[in-house]
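Open the model in a viewer and keep the selection panel at hand. The stops below each say what to select and what is there.

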Amino acid sequence: MFLAFREIRHQRGRFALIVAVIALIAYLAFFLASLATGLAYSYRSAIDDWEATSVALTEDSNESVTASRLSEDQVKVATADNDAEPLVVSGVVLKNADSSQSGRTKVSAFAFGIERSGFLAPDKVGDGITEGRSIEHPDSEIVVDETVAREGWQVGDKVQLNSNSHTWTIVGFTHNQTFQATPVIFVDEKAFAENPPTDAPMAVNAVVSKPGWSSTQADDLSEAGLTTLSSDDFVKTLAGYEAQVLTFGLMIGALVIIASFALGIFVYVLTLQKRAALGILKARGVPTGYLVCSGAVQTLTLAIVGLAVGLGLTLLTGVVMPDKVPFQFTWWLYGLVTAAFALFSVLGGLLSVKVISGIDPVEAIS
């Protein structure tokens with residue numbers, strides 16, 4: 001609207017300060033959104049790359065994959081007549097097995113014991129093998145996530161898992177294969193059972209099914225003492241996942257609402273300061289509806305400019321952010337935050353409607 005843009009053009013300093021405040025709050029909201037999605041993705045990226053439908057755990061595990069330990073009979077039931085594979089999940093510490101590998105620090109990781117030729121194999125999930133090759137000699141070779149390389153590890157390095165003296169060789173790196181924000185190590189299931197990282201015997205922790213189980217198969221699993229979860233429900237069982245998603249979501253939502261109504265208060269104060277000018281306009285026959293629409297356009301313009309500046313700062317931050325920080329650009333979430341911000345900003349700006357509609361031209365001019 002002509003009136004809205006003309007006022008902004010003639011009072012640039014005042015409106016620039018408002019835009020700066022909105023931009024900083026928007027930057028914080030976008031920044032938190034990027035951290036939230038990055039952290040959530042680091043929790044579930046390895047699971048998402050399975051492209052599987054369902055996961056079977058023991059009923060006694062309380063839907064915890066680390067507490068689930070399937071018997072041989074349960075594994076047979078879960079993998080019978082179905083595109084399903086057993087999975088061993090174990091927390092490990094990767095450490096030097098060769099004294100010549102100076103500078104390599106110990107790395108905490110999750111070891112996934114998988115069938116080397118199955119759909120959970122590292123060359124068949126996500127981006128596949130990004131450096132090196134897949135496992136050819138299962139008794140002595142492993143593939144690890146590339147986050148381990150940031151600690152100085154390279155293809156060809158000799159490693160040990162926990163206190164076990166068995167030596168493994170890193171033959172390849174994968175991309176974005178993390179589980180609970182921890183890098184994943186892929187190892188052959190049978191070789192892993194023969195060389196466990198702890199004194200406790202290894203066992204299959206879950207069975208992953210790509211197409212899922214039919215209702216009849218689900219009944220068989222239930223009779224065998226197993227429970228099935230969808231991949232999304234399985235992710236929600238991961239320790240701390242839902243808590244951090246809800247926490248970041250509430251923080252972002254609160255920022256959007258507070259910043260939007262703060263902008264509405266700024267516009268309300270500006271409206272009070274220009275009562276005389278608005279009174280003159282009403283005396284000259286300018287409709288109240290036009291003035292209200294002008295205020296709404298002005299509020300929306302300030303919000304959009306502030307959001308654009310905040311988003312630009314966020315993109316710049318993402319470029320210089322260290323790789324260790326779980327920072328991820330998520331355009332759909334940026335769009336959602338932008339739409340919510342714009343909506344609540346206009347609603348906050350409508351606080352001035354009562355002021356505009358209640359202006360008496362004679363009283364305002366005098």
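This is a predicted model: local features need pLDDT of at least 70, side-chain atom pairs count only at pLDDT 80 or more; totals for chains, interfaces and linings use all residues.

Side chains with opposite charges can pair when the charged atoms come close to each other.

## The whole chain

Zoom out and show the protein chain as a cartoon. The chain has 12 helices and 11 strands. Colour by accessibility next: 46% of the 366 residues count as buried. The chain exposes about 17400 Å², and 58% of that area is supplied by carbon and sulfur atoms. If you display contacts between residues at least 6 apart in sequence, 81% of them join residues at least 24 apart.

## Along helix 2

Select residues 12–48, which are helix 2. Show the side chains of Arg-44 and Asp-48: these two form a salt bridge, and the distance between the closest N and O atoms is 3.1 Å. Both residues lie in helix 2, 4 residues apart, so about one helical turn separates them. Which of the two is buried? Arg-44 is, at a relative accessible area of 18%, under the 20% cut-off for that class. Asp-48 has a relative accessible area of 32% and is partly exposed.

Arg-44, Asp-48 and Asp-232 are linked in a network of salt bridges.

Val-245 belongs to helix 7, residues 241–273. The relative accessible area of Val-245 is 36%, so this residue is partly exposed.

Go next to Asp-157 and Arg-104. They form a salt bridge in which the closest N and O atoms are 3.1 Å apart. What does the pair tie together? Asp-157 is in the loop between strand 5 (141–145) and strand 6 (158–161), and Arg-104 is in the loop between strand 2 (84–96) and strand 3 (107–114), so the pair ties together parts 53 residues apart in sequence. Asp-157 counts as buried, with a relative accessibility of 6%.

## Thr-174 and its contacts

Select strand 7, residues 168–174, and pick out Thr-174 in it. Thr-174 is buried, at 1% relative accessibility. Display the residues in contact with Thr-174, leaving aside its neighbours within four places in sequence. Among them are Pro-122, Gly-128, Ile-129 and Thr-130. The list of contacts also includes Val-143, Val-144, Asp-145, Glu-146 and Phe-186.

Most residues other than glycine have a negative phi. The next two selections have positive values.

- Glu-51: phi is near 55°. Glu-51 sits in the loop between helix 2 and strand 1 (54–58), and at 60% relative accessibility it counts as exposed.
- Ala-181: phi is near 60°. Ala-181 sits in the loop between strand 8 (178–179) and strand 9, and at 41% relative accessibility it counts as partly exposed.

## The largest pocket

The tour ends at the largest pocket, which has a volume of about 650 Å³. Which residues are closest to its centre? Of the 26 lining residues, those are Thr-147, Arg-150, Asp-323, Val-325 and Pro-326. Select them and centre the view there. Then colour helix 2 (12–48) and strand 9 (182–188), the elements that give two or more residues to the lining. Helix 2 gives the most, with 5 residues. Coloured by class, the lining of the largest pocket shows 10 nonpolar, 10 polar and 6 charged residues.

Technical notes: Residues are numbered from 1 along each chain as its sequence is written. Side-chain values use heavy atoms; hydrogens and water are left out. On a 1 Å grid over the protein atoms alone, a cavity is a set of points where a 1.4 Å probe fits but cannot get out, and a pocket is an open set with protein on both sides within 12 Å along at least five of seven lines; lining residues have an atom within 4 Å of a point. Grid points are joined across faces, edges and corners, and a volume is the space filled by probe spheres set on the points. Ala, Val, Leu, Ile, Met, Phe, Trp, Tyr, Cys and Pro count as nonpolar, Asp, Glu, Lys and Arg as charged, and the others, Gly among them, as polar. Buried means under 20% relative accessible area, exposed over 50%, partly exposed in between (1.4 Å probe, protein chains only). Contact means heavy atoms within 4.5 Å. Accessible areas come from the Shrake-Rupley method with a 1.4 Å probe; for residues, only the protein chains shown count as cover. A salt bridge is a side-chain nitrogen of Lys or Arg within 4 Å of a carboxyl oxygen of Asp or Glu.
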